[in-house]
Amino acid sequence: MKAAIFTENDGPLSVEDVKPLDPGPRDVVVKVTASGLCHSDLSVINGTLPMPPPAVLGHEGAGIVEWVGAEVSRVKEGDRVIGSFIPACGTCWFCLHDQSNLCENTYTVMMNPRCERSDGTHLPTMTGLGTFAEQMTCDEMSVVKVETDLPDEQLALIGCGVTTGVGAALNTARVEPGSTVVVIGCGGVGQAVIQGARIAGAARIIAVDPVAFKRDTALKLGATDAVDPEAGDVVAQVQALTGGRGADYAFEVIGVPDLITQAFNCVRNGGAAIAVGVPRFDALVNLPTYPLVLGEKRLLGTVYGSANVRRDFPRLVGLVETGRLDIGDMVSSTIPLDDINKGFDAMKAGEVIRSVIV
Ligand SMILES: [Zn+2]
Ligand SMILES: [Zn+2]
């Protein structure tokens, strides 16, 4: 089968024929039908997220189960599934407390080698998935069955960007009806935060991004105002839109420490800033302490939208099916696996919300 292999930091991915390794009794083999190019894949390529090459990247995907091991009980051959980039065991303390995004057994399956290069090198897969391939072998805890007729490229986005963004608004921040929300960074995840805030009933949603077409997309997907950070100080622009008080919630969806501080400064006293983007692993955030303590402002971290994937994936599918969540407009282009490096070039140039391999 073909797979796109990460061979060196900052280099292009190498699309090669690889041989899948034999699956185990708890594994499933999935034909990948769609895979989104997420900024976190780029973060592995450029070293922001530490993962040693060589490996098969891709962690936002959907597919059809082709084979299941003897001990697999959650899915069967022919099921439509979405990959969960944080495997959810279903039995650890966190999974039993509705926080499968913090599953304690994730790392037991994440780094297993899953295929072999022509030179005999064994390749692990990103987050236990490796969706940049025609097929993936993974533990059954890494897939969630969904019953729907939605297009593959829309299902794929639920695997990372949509769940992360909508979940950050609904699960992590618990955005209240009538509230004011700022979203800094309007790529795939940022657009999903905007939609999550809209679904929650936010009255005012302020989209912040330097790229005009991303601001336009944000306005189409539910933002009420758009702010260009190159047109002046973002905090001042947000203050001007919120009666000088600041927003109830501000989401940072890029992963830049100074912008996390900026999100914090966009929030009113008693409000919450939510750090969604993944910064460099060794980065630190500066916060003004008086607003933190005396202004009772909160800074919340969130991973995978605080999602319980077996609850939330079907829930998000339902929101798309009833027209309340628009994933179709988040898919900027569909491309073949062979064009994956062009897809990352488009991402770096800020030309797309999401490219999806189909
Ligand atoms: Zn992702
Ligand atoms: Zn668990």
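**Core, domains and strands of a predicted model**

The largest nonpolar core holds 111 residues, and Val56, Val182, Val183, Val193 and Phe251 touch the most other members. Domain 1 (2-159 + 326-357) and domain 2 (165-302) both give residues to this core, so the core lies between them. The structure is a predicted model. In soluble globular proteins, nonpolar side chains tend to be buried together.

**Around valine 183**

- Valine 183 is among the core residues that touch the most other members.
- Apart from neighbours within four places in sequence, valine 183 is in contact with Gly190, Val193, Ile194, Ile205, Ala207, Val208, Phe251 and Val253.
- Two of these contacts, Val193 and Phe251, are also named among the core residues that touch the most other members.

**The two domains**

- The domain assignment of the chain gives domain 1, made of residues 2-159 + 326-357, and domain 2, made of residues 165-302.
- Between the C-alpha centres of domain 1 and domain 2 the distance is 28 Å.
- Contacts between the domains involve 14 residues of domain 1 and 12 residues of domain 2.
- On the side of domain 1 that touches domain 2, helix 1 (residues 39-45) gives the largest share, 3 residues.
- Sorted by class, that side of domain 1 has 6 nonpolar, 5 polar and 3 charged residues.

**Strand 4 and its partners**

- In strand 4 (residues 27-36), 8 of the 10 residues are buried, so this strand is largely enclosed by the rest of the structure.
- Strand 4 pairs with strand 6 (residues 61-68) in the antiparallel sense, over 7 bridges. In this pair, valine 30 stands opposite valine 65 of strand 6.
- Strand 4 also pairs with strand 10 (residues 135-139), again in the antiparallel sense, over 5 bridges. Here valine 28 stands opposite cysteine 138 of strand 10.
- Strand 19 (residues 355-357) runs antiparallel to strand 4 and is joined to strand 4 by 2 bridges. Glycine 36 stands opposite valine 356 of strand 19.

- An open sheet has 3 strands in the order 2-1-5, with antiparallel pairing.
- Strand 2 (14-17) and strand 5 (55-56) stand at the edges with a single partner strand each, so one side of each is left without a neighbour in the sheet.
- Strand 1 (residues 2-6) pairs with strand 5 in the antiparallel sense over 2 bridges.
- Isoleucine 5 stands opposite valine 56 in strand 5. Val56 is also one of the core residues that touch the most other members.

Key:
Residues are numbered from 1 along each chain as its sequence is written. Chains are lettered from A and ligands numbered from 1 in the order in which they are written. This is a predicted model: local features need pLDDT of at least 70, side-chain atom pairs count only at pLDDT 80 or more; totals for chains, interfaces and linings use all residues. A nonpolar core is a set of buried Ala, Val, Leu, Ile, Met, Phe, Trp, Tyr and Cys residues joined through C-beta atoms within 7 Å. A residue is buried if 20 or more other C-beta atoms lie within 10 Å of its own, exposed if 12 or fewer, and partly exposed in between; C-beta atoms are placed from the backbone. Domain bounds come from an automatic or database domain assignment. Two residues are in contact if their C-beta atoms, placed from the backbone, lie within 7 Å. Helices (H or I, at least four residues) and strands (E, at least two) are DSSP runs, numbered from the N terminus. Two strands pair if DSSP finds at least two bridges between them. Ala, Val, Leu, Ile, Met, Phe, Trp, Tyr, Cys and Pro count as nonpolar, Asp, Glu, Lys and Arg as charged, and the others, Gly among them, as polar.
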